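I opened this entry to keep track of a few places in the chain that I wanted to look up one by one. My notes follow the order in which I went through them.

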Amino acid sequence: MSNTPIKVAFIGLDTSHSVQFAQYIQDPAIPEADRCTDLLVTRCMRFETPFQNKDGLDARQKQLEALGILVTEDFDEAVADCDAIFLEINDPTLHLEYFRKCAKLGKPIFLDKPFADTLENAKAIAKIAEENNIKFFTASKLRNFQTIEDLAAKNLNVATAMAWGSLGKCPEGYSLIIWYGVHTFELLERFMGIGAVSVLTLPTAVGFDCQVKYKDGRSALVKMSTGIGGGYGCWVLGDNKVECALAQSGTPINMLNNFVAMCKGAEPAVSVAESLEIMAMLEAAEKSYQSGKEEKIDL
């Protein structure tokens, strides 16, 4: 097998992930053993969104250019001569539009969290991928932090779990639950698996508590709170013991390696069914917050 790196085009610069992922691919300041050298970011497309203004984009462009990455405002120039694509767009309302454009190229895609702004648009993305035979997955980098991987490797027969995470700010008009809650709901799904049927969201003094019920009778909890910085983690009860994994710090290296494996023929690290259920839980959680009632998960 060729040792030539997989050339990646980044679409989007309104997220700090564009810089962080590029650093863990090709920044010589990070030891080679800690980088994903099977990838090489060659180009990036930038555009303003409510999540990042021109000054922020300019600063990130300088960081990428220092790593040898061409930054452009032209889509065709950005994807020219690439082998794969990372959709690095913080604004989830743009995910469907840009996934549709990228799918025409027939190349593997990583779609950064959240899947989309609505479940309907997430389903549309999944349909486009199927129709164009596109290999892709979407994920929060937290689900592959080594602490989370180590707990998942214990293969506990999980009876219940509680995932927690921080709430920050997002632009007006966007769902805080969908945009921030994706991290905690992904952690919950990683251990509870699929099969959720409803969500009840209760506002608290510092955020939201979301009770998730499952078709097999289990239930679990997601807690989203302000004032805890970048703290995330998960308590898991299984096989008559409680385990805890913190996801407060970590690197995207496992996620990047999962993408490489997919490009080389492995199944996507996160299935479409898993990602659609996560999106459905997020949407149900938002609806429950608005209605004040338990909301069914509609898949």
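Is Asn240 buried or exposed? I looked this up first, bearing in mind that the model is predicted, and found that Asn240 is exposed, with a relative accessible area of 81%. Because the cut-off for exposed is over 50%, the value of 81% places Asn240 in that class. I then noted that Asn240 sits in the loop that joins strand E11 (232–238) to strand E12 (241–246), and that its phi is near 60°, a positive value in a residue other than glycine.

I next turned to Asn155, where phi is again positive in a residue other than glycine, near 50°. Asn155 belongs to the loop between helix H6 (146–152) and strand E7 (158–166), and I recorded a relative accessible area of 63%, so Asn155 is exposed.

For the backbone I also checked the peptide bond from Lys113 to Pro114, which is cis, with omega near -15°. I located Pro114 in the loop between strand E5 (109–112) and helix H5 (119–131).

My last entry concerns Asp74, which I found in the loop between strand E3 (70–72) and helix H3 (75–79). With a relative accessible area of 38%, Asp74 is partly exposed. I traced its side chain to the backbone nitrogen of Asp76, which the side chain of Asp74 reaches at 3.2 Å. I also looked up how Asp74 lies relative to Gln248: the two are 174 residues apart along the chain, and their C-alpha atoms are separated by 36 Å.

Notes: Residues numbered from 1 in each chain as written. Predicted model: local features only at pLDDT ≥ 70, side-chain atom pairs only at ≥ 80, totals over all residues. Heavy atoms only, no water. Helix = DSSP H or I, 4+ residues; strand = E, 2+ residues; numbered from the N terminus. Buried < 20%, exposed > 50% of the residue type's maximum accessible area, 1.4 Å probe, protein only. Polar contact = N/O pair within 3.5 Å; in protein donor to acceptor, adjacent residues only side chain to side chain.
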